Amino acid sequence: MQGYKVENIDCFYFQYNHCTNSQCNFQHRASCKDSSETCLDWFRHRKCRNNKCSRKHLSHEVMVAYFLCKAEKTRNQCTQLNCPMYHEKARQFIEYGIVPPNSVPMVPTVKRKKMVDLVQHENPRLQNFVKSGYQFLNKVRSFFVNAVKKGKLTQDRGGAYFKEILHTVLFFGGINDPIIEPNLFFGEREEFEQLSAKYPDVFQKYNTHLPTRPPYTVLLNAVVEIMGTRNTDGILECLLDLSEQMVLEPTNAESSKCGNVFVSTVINYCYFLNLHVTNEKTDDYFGASVSCKGRQQAEIMIDILCCQTWHNAISLAVCVGNWYKNQTLWFPPDVHSIAHKIVYKRRSPSEPGITSNNQDEHTVAGSGGGQKTSGLENSTTLRQHACLAPRQPCERCITMFPDIIYHPSPEYHEHPYWEYGNCAECESLSQLLYGNPQIAMRLGVFVQSTSLQSQTEQILLPEGLIYRKLSRLTENLRSVGFNVGDELLFYDPSYIDSTALERYQH
Ligand SMILES: [Zn+2]
Ligand SMILES: [Zn+2]
Ligand SMILES: [Zn+2]
Ligand SMILES: [Zn+2]
């Protein structure tokens, strides 16, 4: 909910009734009073400077944040028939019957341009996006092929992991503006044709079915499966090595960033130490931060994770954090959470890696001279060296999960610009709860001044909260041109229709 300026938001009272506040900070525009649509410029870019704009600067999310009825918010019901505020829920009055929820302007479905030719597109952001996808797919595929060869992963599992990552990358290409067609992620036509023949369902469903988690999280899961859950050092090392291979050309030599939009910045793991009873320690459970470039893309992924993927308790904490800025989830003692940021350093010339890549340096210098690699090959000459740096939890995580023992412990509270749910902690804690139902049963929920005051034995995610996530997801999807049908469909990679890794085994 960041980035909106109050003075660019339409006044709900003015739009649907009349505004009695003579010093109202919201916009009073008559030009859009009759419209039932949301202004797309305002929705996507969070501002619209068109004075004659005829569509509303209001969305469901903004109406909940600024105009939601206070009685509905805190007591879960409003008993005032003429209440001028926004009501998300239907209200029942004995004398008048049921009053439906207030209407919400609709985000129009967009038709976007297709990107015709990548080479002619000089836009560095687009180039980076395509290279990131290409690089990510390439590296994970050879990683899975190797794991299958070594017998550490069955062919079916390897295939399912790869399909899921492929589907997610194609999905993000498909909701990009302009649309990045699947074939652009492959250097050679032949490769693209082979893959689409091997995995027809991926290429059919990337623009009808939603992914359920970010690509780096899928990779992380595969690494854990390959390395074994008790091998934390091995898992981290393996992830570093993979991340290092996915570095795109650093913009400057001092850059400590990966540059690949699909690679997460933070890796986290957590475990439960049952101090008071058995002194037993659970496995380590891993998570990575949401790796999606772009605000809307990240929102889409976080909302999918909340609605579809994460343990209910984690989704609840994210929703409550989002709308009530409240502490939510109390874990039984002691849950430990360890987070690291991946940082990339330039290798010193004496280190291996530089000499072996020296040859590339020439090709980069002459890359204008018609290389056959379609500009997708990783031309990183200075291979970056990836390592881990301890990362304190952010303010949002401390709010959502206040009694966890964090390593390193938080010393100052940075003010995060990211959303509740963007952090690696959510994924790893969700895994911990799925893996250990006995911990989930001992969770405490404590939520103040919200509509969720009733204490229940089991943690339930109230429909109202998930409804908000679903409406934002739908609004975002419509605005990026994704075809939202009657219900949201999710891609299931476990259906094996071919043996795609075959040809790499010869
Ligand atoms: Zn007003
Ligand atoms: Zn507008
Ligand atoms: Zn009300
Ligand atoms: Zn955090």
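## Start just after α9

Select G228, which comes just after α9 and takes a positive phi of about 90°. Keep in mind throughout that this is a predicted model.

Now step back into the helix itself. Select residues 215-227, which are helix α9. Its 13 residues reach 18 Å from first C-alpha to last, close to the 18 Å expected at 1.5 Å a residue.

Colour P215, Y216, T217, V218, L219, L220, A222, V223, V224 and I226 to see the buried residues.

What covers them? Show α5 (124-149), α6 (155-174), α10 (232-245), β5 (285-288) and α15 (424-435), which are among the elements that cover the buried residues of α9.

## The whole chain

Zoom out. The chain has 17 helices and ten strands. Of its 506 residues, 39% are buried. Take the contacts between residues at least 6 apart in sequence: 71% of them join residues at least 24 apart.

## Into the largest core

Leaving out residues up to four places away in sequence, L219 touches V140, I165 and L242.

L219 also belongs to the largest nonpolar core, which has 105 residues. Select F144, I165, V169, L219 and A317 together: these touch the most other members of that core. Which helix gives the most to this core? The answer is α5, with eleven residues.

Another core lies apart from the largest one. This other core has eleven residues, including I9, F12, V62 and Y86.

Select F12. This residue is found in helix α1, residues 12-16. Count the other C-beta atoms within 10 Å of F12 and you get 21. The cut-off for a buried residue is 20 or more, so F12 is buried.

Next, draw a distance from F12 to P84. Their C-alpha atoms are separated by 9.0 Å, while the two residues lie 72 residues apart along the chain.

Select α12 (residues 312-324) together with α15. Their axes come within 8 Å and cross at roughly 145°. Show side chains at the contact: A313, I314 and V318 from α12, and C426, L429, S430 and L433 from α15. By class, this contact of α12 with α15 has six nonpolar residues, one polar residue and no charged residues.

Remember α15 from the first stop: it is among the elements that cover the buried residues of α9.

## Follow strand β7

Select β7, residues 335-346. Which strands pair with it, and in what sense? Take them in turn.

- Show β3 (residues 266-274). It pairs with β7 in the antiparallel sense over seven bridges. For a landmark, Y271 stands opposite H336 in β7.
- Show β8 (residues 384-390). It also pairs with β7 in the antiparallel sense, over seven bridges. Here R346 has Q384 in β8 as its bridge partner.
- Show β9 (residues 405-407). It pairs with β7 in the parallel sense over three bridges. The bridge partner of S337 is Y406 in β9.

## Backbone stops

Go back to the loop between β6 (329-330) and β7, where D334 is found. Select P333 and D334 and check the peptide bond from one to the other: it is cis, with omega near -5°.

Now pick D177 and P178. The peptide bond from D177 to P178 is cis too, with omega near 0°. P178 has its place in the loop between α6 and α7 (189-198).

Is R46 buried, exposed or partly exposed? R46 has 17 C-beta neighbours inside 10 Å, so it counts as partly exposed.

Methods
Residues are numbered from 1 along each chain as its sequence is written. Chains are lettered from A and ligands numbered from 1 in the order in which they are written. This is a predicted model: local features need pLDDT of at least 70, side-chain atom pairs count only at pLDDT 80 or more; totals for chains, interfaces and linings use all residues. Helices (H or I, at least four residues) and strands (E, at least two) are DSSP runs, numbered from the N terminus. A residue is buried if 20 or more other C-beta atoms lie within 10 Å of its own, exposed if 12 or fewer, and partly exposed in between; C-beta atoms are placed from the backbone. Two residues are in contact if their C-beta atoms, placed from the backbone, lie within 7 Å. The expected span of a helix is 1.5 Å times one less than its number of residues. Two strands pair if DSSP finds at least two bridges between them. Axes are lines fitted to C-alpha atoms, for helices over the stretch in contact, and angles run from 0 to 180 degrees between N-to-C directions. Ala, Val, Leu, Ile, Met, Phe, Trp, Tyr, Cys and Pro count as nonpolar, Asp, Glu, Lys and Arg as charged, and the others, Gly among them, as polar. A nonpolar core is a set of buried Ala, Val, Leu, Ile, Met, Phe, Trp, Tyr and Cys residues joined through C-beta atoms within 7 Å.
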